[in-house]
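Open the model in your viewer and keep the sequence panel beside it. The stops below say what to select and what is there.

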Amino acid sequence: MLSAPERSGRQFRIIPNIDRQPGGLYYSCWMGDIEKQRSDDRLTQRLTTSGFRFTPQRQHVYAVLLQKRDHPTAEEVFIRAKRAMPEISMATVYNCLDALVRSGLARQVTVERGAARFCPNMQEHCHFYCDNCASVFDIALPPDNGLPLPRGFRAERFDVTIHGRCPACSNSSISKRHKSRH
Ligand SMILES: [Zn+2]
Ligand SMILES: [Zn+2]
């Protein structure tokens with residue numbers, strides 16, 4: 001998946017928005033029926049082992065999270081979920097997100113003051129927050145989770161946010177602070 005220089009380098013690496021890996025847990029709209037079935041089985045398994053039922057709403061909210069990995073807020077998930085499932089309520093979306101987080105299928109991310117966002121990438125990673133357009137990107141940790149820690153400290157979970165400007169905003173001289181997200 002990675003080229004050799006990327007794999008051996010110590011630099012942070014951006015994680016592509018969509019994981020196209022066949023059979024991977026994350027599926028997107030162009031996934032084949034067999035792969036989708038496999039992911040649905042995995043979703044069912046994770047939900048039930050955490051004491052939740054598989055419901056079409058939970059499946060749909062999960063698919064919404066996987067389709068566009070831009071770390072939407074619950075409200076944004078609701079707006080997207082309604083497109084294909086107009087009868088879904090905000091309360092149901094909250095319930096679905098809660099079930100997904102508790103089942104280890106998504107994580108809640110707080111990068112700035114304001115509403116929590118949701119991320120279906122369960123690999124350890126950090127986030128890049130663009131202070132100009134408020135976009136959030138997944139950034140891979142350096143190889144071997146290589147953040148130097150003092151002797152005796154052991155990392156178990158990462159909650160790192162880098163602030164700055166995304167490539168689109170670095171290249172543009174116009175400041176459109178928090179107006180649009182690309
Ligand atoms: Zn930006
Ligand atoms: Zn993330």
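This is a predicted model: local features need pLDDT of at least 70, side-chain atom pairs count only at pLDDT 80 or more; totals for chains, interfaces and linings use all residues.

Is Glu-76 buried, partly exposed or exposed? Glu-76 is partly exposed, because its relative accessible area is 24%; buried means under 20%, exposed over 50%, and partly exposed in between, with a 1.4 Å probe and protein chains only. Glu-76 sits in helix H4; helices (H or I, at least four residues) and strands (E, at least two) are DSSP runs numbered from the N terminus.

Residues are numbered from 1 along each chain as its sequence is written, chains are lettered from A and ligands numbered from 1 in the order in which they are written, and side-chain values use heavy atoms, with hydrogens and water left out.

**Stop 1: zinc ion, ligand 1**

Select the zinc ion (ligand 1) and show the side chains around it. Cys-130, Cys-133, Cys-166 and Cys-169 coordinate this ion through their SG atoms at 2.3 Å. Donors here are N, O and S atoms within 2.8 Å of the metal (3.2 Å for Na, K and Ca); water is not among the atoms, so sites may look incomplete. Along the chain the donors of ligand 1 follow the spacing C-x2-C-x32-C-x2-C. Cys-130 belongs to strand S4 (residues 125-130), while Cys-166 is in the loop between strand S6 (161-164) and helix H6 (167-171); the pair links distant parts of the chain, 36 residues apart.

Why is the arrangement around the zinc ion (ligand 1) tetrahedral? The 4 donor atoms subtend angles of 103 to 118°, and four donors count as tetrahedral if all angles lie between 85 and 135 degrees. The ideal angle for four tetrahedral donors is 109.5 degrees. Cys-130 counts as buried because its relative accessible area is 0%. Cys-166 is buried too, at 1% relative accessibility.

**Stop 2**

Cys-119 lies in strand S3 (residues 117-119) and Asp-138 in strand S5 (residues 136-140), so the pair ties together parts that are 19 residues apart in sequence. Cys-119 is buried, with a relative accessible area of 0%, and Asp-138 is buried at 7%.

Stay on His-71, which is in the loop between H3 and H4 and is buried, with a relative accessible area of 2%. Its side chain makes a polar contact with the side chain of His-127 at 3.1 Å. A polar contact is a pair of N or O atoms within 3.5 Å; within protein, one must be able to donate a hydrogen and the other to accept it, and residues adjacent in sequence count only if both atoms are side-chain atoms. The His-71 side chain also reaches the backbone oxygen of Val-136 at 3.4 Å.

**Stop 3: salt bridges**

Select Asp-70. Its side chain meets that of Lys-68 in a salt bridge (3.7 Å, N to O), and also that of Arg-80 (2.8 Å, N to O). A salt bridge is a side-chain nitrogen of Lys or Arg within 4 Å of a carboxyl oxygen of Asp or Glu. Lys-68, Asp-70 and Arg-80 are joined into one network by salt bridges that share partners. Arg-80 and Asp-70 are both buried, whereas Lys-68 is partly exposed at 41%. For another salt bridge, select Glu-156 and Arg-154 (2.5 Å, N to O); both are exposed. The count comes to 4 salt bridges.

**Stop 4: nonpolar cores**

Which residues have the most contacts inside the largest nonpolar core? They are Val-61, Leu-65, Val-77, Val-93, Leu-97 and Leu-100, in a core of 22 residues. A nonpolar core is a set of buried Ala, Val, Leu, Ile, Met, Phe, Trp, Tyr and Cys residues joined through side-chain atoms within 4.5 Å. Helices H2 (33-49), H3 (56-67), H4 (74-84) and H5 (90-102) each supply at least two residues of this core.

Select Val-93: leaving aside neighbours within four places in sequence, it is in contact (heavy atoms within 4.5 Å) with Val-61, Ala-74, Val-77, Phe-78 and Ile-88. Finish at a second, separate core of 6 residues, which includes Cys-119, Tyr-129, Ala-134 and Val-136.

Note on methods. Four donors count as tetrahedral if all angles lie between 85 and 135 degrees; four count as square planar and six as octahedral if opposite donors are over 155 degrees apart and all others between 65 and 115; anything else is irregular.
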